[in-house]
Amino acid sequence: MIMLIKKLSPLVLILLSAGIYAQKTISGTISDDFDTLPGASIVIKGTTKGAISDFDGKYSIEVPNNEAILVFSFLGYVDKEVVIGDKILLNIKLEEDAQVLDEVVVNALGIEVDKKTLGTTVSRVKAEDLATSGEVNIINALQAKASGVRVARSNGDPGAGATIQIRGANTISGSTQPLIILDGVPISNDNLNGSRNPDSGTSQQSRLNDINEDDIESIDILKGASAAAIWGSQAANGVLVITTKRGRNTGKLNISYKTSVYVDKIANLHPLQTTYGQGNDGVYGNDLENNASWGDRISSRPNAQDEFYTKEEEGFFTDQGGREWLLIKSKNSRQTFIKSNMDKVFQEAFSQRHNLSINNANENGRYRFSLAILDQQGVIRESDYKRINLGFSGKYVFNDKLSVRSKVRYTNTKSIRIQQNSNTAGLLLGLLRGAPDFDISGYSGTYTDEDGIQNLNRHRSYRNSIGASTNPGYNNPLWTLYRQKSPNIVDRLITSADFDYKYNKWLRFKLRGSYDVYFDERRYFFPVHTAGRGTGRFNLDNINNRILNFDFIARTKTLKINKSINGNLLVGYNFNDRNRKSVYNEGANFLVDTDAQVFSNSTEIETPRHFITQRRKFRIYYTAGIAIKKQLFLNTSGAMERASTINGAFFYPSVDASWLFTNLKALENSLLLTSGKLRLGVGQVGVEPRAHRAQTTYETPTYSDYSDPLQLEDFGGGYRFNNNLGNSNLKPEIKTEYEAGLDLKFFDNRLSLNGTYYYNTVKDILISLPKSPSTGTDNFYANGASLENRGIELDFNYDIIKNNKGLKASLYGNFNNNRNKVLSILGSNSIALTNNSISSRAIVGYPMGTLWGSKAMRNADGSFDLDENGFPQLAPEQGVLGDPNPEWRGGLGLRIKYRSFSFNTLFEHSQGGVFAERTRFILRNFGTHKDVGHTVVPTTELLDRAGNLYPIGIPVRGNIRDFGGGPVLLNESYYTTIGGGFGSSVINEFAINPDATWTRLSELSFGYVLNSERFRLKTKLASISFTLTGRNLYLWTDILGVDPQTNQTGVDNGFGIDYFTNPASKTYSLTLEIKY
Amino acid sequence: MRTKILIGMYCTFLMFSCSESFEELNRNPNAITTEELLPPNLLVKGTMLANISLNMSHLQRISGMWSGQYRGEIALYLGLYNYDFSSEESNSGWGYLYNGILKQNREIARYYNLNGIDGKGILITAIARIIEAHAVGTATVIWGDIPYSEAVVETIEDPKFDSQAEIYQSLQILLDEAIILLESDVIDDDLSEDIFFEGDKEKWKETAYTLKARYYLQTKQYDLAHKAAKKGISTHENTMKFTPLETRILGTENLLYRFMIGGRRGYMSADDTYCRNLLSTNEGNRNNAKTNEKARRNYLNAGASTGTGRTNIINGELTPMNLVSYQENLLILAETGVRTVSFGEGLSQLNLVRVFLESENSFDLRFSSDEDDKVYQPYEEIDFEIDGMENPDGIDKNRALLREIIEERYVTGFGTCIPWNDLRRLRTEPDIMVPVPFNKSDISIHPQRFIISQNEFESNSNSPSGLSIFDPIPINQ
């Protein structure tokens, strides 16, 4: 309709003006202080007669006389009334109505509320801000967009999950991930490890990334407890409220097609040395025992062909491409293969994405259909992530009273993942530990022994160079890519329906039900001769998760209590039922050396492990708000909850207030301060206990100390009284949060500043409390710890340039300095969050995640207690290694818009904190890291750790360092013992980099949109836009070879540790969007 | 308004009417809970596995590296070999002892307290005591003072550390109790869950006596040790050993096999060790006119590339692992015989060991050609007299005999803690101690203990601190 009016109005008006003599025509241009405003409406006051501005903001209208008043209005702007007088040309400038444009947010129930009435912190991220990131995954696109929200991707694998943490850690062993509300209903953002340890296997996905990012209109991040209290024990980590796009009433069918192509590149990789060859003690060797590159100096080799054993002497290997490899007898070649090996593993990955949406609306209803297809390739060859999204949402208005909305979203993801981390079959383990003078290109094939007997499907690796052994030591990286399979398929369906019923003038009811279900099938297939799984292994995990949610809400419209006081009330009932069934199957010891993924081929089939987790809860909740003189707003909410995991009912209250002090007479019309609001809030939220922890169980133990298991199950079964005790008196963890904030706008809204100070304590934290093992019990699940967070959050936006030529440049940013402290742990001082040689821990008096491990012995004055050769010694007891939490984090961006062009850039900074460079530390042990490829010339006599003396002037491999007892030579004897390597009997303190500060150019985008009238008339399209985006383009940091955001244990409570984690990637993309 | 009230009432009703189903819903659907009391035969096998792991796994391997039996080659084991020991290494073994064994034994006792005891119950109770005595004995000799009298008592959060002397006393009593139970008339003689002896009470009784002898030996009460060993394991068949299952699946194999051939391949070897040297043809080896150690050398040559499906090498996939053996008992008799009875008593017991070594029961031949290289002719008194073949340096003949017995214990004890225990026990008797060299030049004493579990250290305020691995345990001070 509107389109029709737009097209016809000038013509009609001209015709009318010709016919009626007394009238006159007024024309002009409508604009804001930035650009012209097409589609603004012009009405003659007191009549229904009107017009609409055209695509260039121009309008003309017939008016009856000079006394007529024209009302100019446009959505998001303040209406303007003008008396015509004798003018015939009226150029109108409309003022943005800040309170309308930016000030609607969606609360935790999915209901839009006026932001000015809220006393809590809500950060809104709009669709266009998500789009500039060029990310296909929603979570990653949130990175650096709002203060106090930490988003860290586990690694650069396609589809890899990411951690979201709001205002620091709020619990110790439970999930720290926020609750996700999609159009008012809770959905899963699981990051399950399944049968894998978090530090081995493949990196897992975050289920929130199943959502089609193109469907999203906005994401409201409810950081504070008071905004989330109605979700009770699910809301301690904050709430992400996602609102999806709806059908729009434009008078025509809206069709939009968007396509993007991506190029991903590896962002960083550990630097390796190419100076010394495989072997030990300076001698070349390529046996199984020669796991390191402490061999000969490559440049000292004769630079000739290698000398090989004959086929008759030692046999030979025929690789997958038919190439024959012989066993090296004497290494003469100076060739190194680091670069070519890397090139065989990593690639520039090309990905594409297609989005189609069709929508429409009229007064009877609206709908939106969307289809998205994503085909993402990984920077690691063979890895990929493919996603198909199908969505439909619709609303139908039956009559004045009843309307129905329903939404269906289907997602299918398929991905091929690559084994990583602490895992002999992992990619980087074999790649980075491998010798620089070993060519990985032949990885799988036939070993023919000296008698001519063929052994099929052997695995060639740097310690098994002709496949003579069935054990490769570590995987050849190419075996990891091409022979192993770790596919994953997820099918997900999210449906919801809302019935809205207006009972009478002031009361309305809402009935809402939703069902979120997914099936996640993960396979891990290791063919025969895989490192550590030599006889073959096949794992199949089936995870089936569903969330059923039901709300019944009764709410009033804003009721006038007296002349200056308004109020509203909402009462609701919620039923929430969550159920997960996981079945983990494992078969090993294959009968036939085949790639068929079947259990009938396994002779060792582990008893399937079957886990059911069921949780149910009921809540009654209310929210009530009072507004006094449109200036002071007071809100309160509360939820009374009963949950299956908790004994008894718990009440979660909240109160907040906001004062719009610029509505005071004294401050009205202030030139400096456009608007100002003071906020105060306090609220309580919780974390519910894990399900089924009320009782102690029997378990069937496996006793294993360094990979030598004895499994009771295989000895005919039996039980043991669990070393972890259950507890039937579990309470929820309660987080109480106080916050105070100011929202200010200056200079006619050109500068906006939001600041919040928050303080929260979390009490009764649920953890496995360590007990003295000599009590017969190692752990006891109980409410037994407390912690606190405090910090300042700042967000700002400043329009540096905003002129009427269409140029607008804005600087925006955010800042947060969360300070976390563990206040108490019952009966202990420290709890491990991860179980590695360097663990992330909760330690009383320290921030969550503090790194812990073995240290060097020290004297009273803090200096090293050195051994007789001048080297540090291992302290018998472990201790704190450092705090990986940054001192502060922030984002800073610049957005420029000039007519059809747009530009955006965003930097993210993280200041301070430590980082455990365990990969680097262990690569020193293996002699492959660049750190240990140096040759030095002693200027004084030097001792090494073994006590050998190195004379002046003779070049020697190693590094010179002074630990306090004079310079010493760090060489093989140091790096393969205390100075590098595994376990707790090395000085892991030396793996810590004390300054993990980093700055990242996380987004850079240029856009151009074609939507001029000529273009539209010619093409019949609404617009075509192009966007060129760079993502994660540059990283400034002292951390070598790895993105300090990557995390060994994936989406987990521990962080700041790298251990052969797959690398991060940088992305370039080009997007074309066509709108009809 | 009435609607609202009605809805409110309905919701309240829903909320509180469901409390009972909540409990049901939260009941663990994935495991048997301890609300059920399980019969002890389902628990006892687990304690046996825990005991095997405590005695034969990581800590044993470290003890072997510290007593010239193994070499740490790479990674963690290289550091451990060089005496870089962290308390974390003790965590697993510590857990096996307290939860894996003592806690389960208390549950077994609770079951019989509640349900009464029958013939099978008496047998299981006796077995449980012997396993406990075995495990606690190993624990105290490697860690020194440990919690025992207050351990696994429900009301005690921080058990105190008992003195070693007290612990050894308790162990002797515990073993005596087990023996009394085993001598009961009503006891059963059959237990299919018993992976060691299938419930054979006589075998258990002999094991109990050998353990008594072992502990008296450790506390240097040699006369009592001799007396106990007389009733100890009397034949090879009665050796308490872990026999890997013929199924050959992961989790049932020889632990040394799995460690050396699996994911930790290359970590540790038996190359260039003092023990290996003793069996070689190098200087100072054990071969002489009456002895050929070549077959044993091949058998003990634990490596990474052999052993699958075999029993003919110490780390063969199916090779049994001795826990309390006939040989050990004979060697206790031999040593204590020399010390407390006579030269002749000691010599005859040593010769019994040699008879056994030569028999096919002692160890399988690695190669068929080894048959002629398994020679252990009996020694005679003259061999130990000055300038005898076992006394070239002319020491007292009793000491020379003891020296040979200790050396035999050192080789026979391969794969157990015996070599390290002797090294520490006999540090004040250098003339008979096996002169194992240090792995590192800057130390003057062999490691004397492991540091207790880091987990215990963090939680139990009674934990001793400041101890180093070079501080002798109380019984050796």
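Trainee: Among contacts in chain B between residues at least 6 apart in sequence, what share joins residues at least 24 apart?

Mentor: A contact means heavy atoms within 4.5 Å. In chain B that share is 70%. This is a predicted model, in which local features need pLDDT of at least 70 and side-chain atom pairs count only at pLDDT 80 or more, while totals for chains, interfaces and linings use all residues. Residues are numbered from 1 along each chain as its sequence is written, chains are lettered from A, and side-chain values use heavy atoms, without hydrogens and water.

Trainee: How many residues of chain B and of chain A are in contact, and what area is buried between the two chains?

Mentor: Buried area is the accessible area (1.4 Å probe) that two parts lose on being put together, summed over both. Here 96 residues of chain B touch 86 residues of chain A. The area buried is about 8200 Å², and carbon and sulfur atoms give 58% of that area.

Trainee: How many salt bridges does the rule find across this interface?

Mentor: A salt bridge is a side-chain nitrogen of Lys or Arg within 4 Å of a carboxyl oxygen of Asp or Glu. The rule finds four between chain B and chain A. R945(A) forms a salt bridge with D84(B), with 3.4 Å between the closest N and O atoms.

Trainee: What percentage of the residues of chain B count as buried?

Mentor: A residue is buried under 20% relative accessible area, exposed over 50%, and partly exposed in between (1.4 Å probe, protein chains only). Of the 477 residues of chain B, 62% are buried. The C-alpha trace of chain B spans about 110 × 55 × 45 Å along its principal axes.
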